[in-house]
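Subject: Structure handover

Hello,

Here is the structure we talked about handing over. My notes on it follow below.

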Amino acid sequence: MVVLEEAVMEIIVNAGQSRSLCFEALHAARQGNFDEAKNLLREADGYSRQAHRMQTKLIEQDAGEAKQPMTLIMVHAQDHLMNSLLARELCEEILHLYQR
C-alpha cells in the first residue's frame with residue numbers, strides 16, 4: 001500500500017522537475033539548440049512518467065470507492081501534474097515553431 005504523503009510528494013517533485021525541464025528546453029530552442037531541447041523534453045518525459053505512475057497507483061488503491069482522503073495537498077499534487085503535462089505539450093509545439 002502506498003503511503004499517501006510520500007505518494008503526493010513524489011508526484012509534486014517529479015511533475016515539478018518535468019515542468020522545469022520543459023522550460024529549459026524552450027530556452028535551448030530559443031537559442032537554436034534544438035538537439036539539446038529535444039533531449040531535455042525526453043528527460044522531462046521520464047519525470048512525467050514517474051509522477052503519472054504514482055498517480056495511477058493512488059487511483060488503483062482508491063478503486064473509485066473514495067478510499068483515499070481528498071486533501072488540499074493531493075489537489076496540489078494533481079495540479080502540478082496537470083500543469084506539467086500541459087507545459088510539455090505546449091513546449092513541443094513552440095519548439096516546432098522555433099524550428100521553422
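Predicted model: local features only at pLDDT ≥ 70, side-chain atom pairs only at ≥ 80, totals over all residues.

Annotated positions

Aspartate 79 sits in helix H3. An unreviewed UniProt entry gives Asp79 the annotation "binding site". The other annotated position I looked at is His76, which UniProt lists as "active site", again from an unreviewed entry. UniProt also has His76 under "modified residue: Phosphohistidine" (unreviewed entry). Histidine 76 is placed in helix H3, which spans residues 72–99. With a relative accessible area of 37%, histidine 76 is partly exposed. Bear in mind that such annotations may be inferred rather than shown by experiment.

Helix packing

I went through the helices in pairs, starting with H1 and H2.

Helix H1 covers residues 4–30, and its axis comes within 8 Å of that of H2, with a crossing of roughly 165°. Angles over 145 degrees count as roughly antiparallel, and H1 and H2 are therefore roughly antiparallel to each other. The crossing of H1 past H2 is left-handed. Sorted by class, the residues in the contact of H1 with H2 are 18 nonpolar, 6 polar and 4 charged.

For H1 and H3, the axes come within 8 Å and the crossing is roughly 20°. Angles under 35 degrees count as roughly parallel, so H1 and H3 are roughly parallel to each other. H1 passes H3 in a left-handed crossing as well. The contact of H1 with H3 has 18 nonpolar, 5 polar and 3 charged residues.

The remaining pair in my notes is H2 and H3. Helix H2 runs over residues 34–62 and packs against H3 at an angle of about 155°, the axes being 11 Å apart. That angle makes H2 roughly antiparallel to H3. H2 and H3 cross in a left-handed sense. On the H2 side, the contact includes Phe34, Leu41, Asp45, His52, Gln55 and Leu58. On the H3 side, the residues in contact include Met74, Gln78, Leu81, Leu85, Arg88 and Tyr98. By class, the contact of H2 with H3 divides into 11 nonpolar, 5 polar and 4 charged residues.

Glutamine 55

Which residues is glutamine 55 in contact with, leaving aside its neighbours within four places in sequence? They are Ile11, Gln78 and Leu81. Glutamine 55 counts as buried, because its relative accessibility is 12% and buried means under 20%.

Regards

Key
Residues numbered from 1 in each chain as written. Heavy atoms only, no water. Helix = DSSP H or I, 4+ residues; strand = E, 2+ residues; numbered from the N terminus. Buried < 20%, exposed > 50% of the residue type's maximum accessible area, 1.4 Å probe, protein only. Axes fitted to C-alpha atoms, helices over the stretch in contact; angles between N-to-C directions. Parallel < 35°, antiparallel > 145°, perpendicular 65-115°, else oblique. Left-handed = near helix turned anticlockwise from the far one by under 90°. Contact = heavy atoms within 4.5 Å. Nonpolar A, V, L, I, M, F, W, Y, C, P; charged D, E, K, R; others polar.
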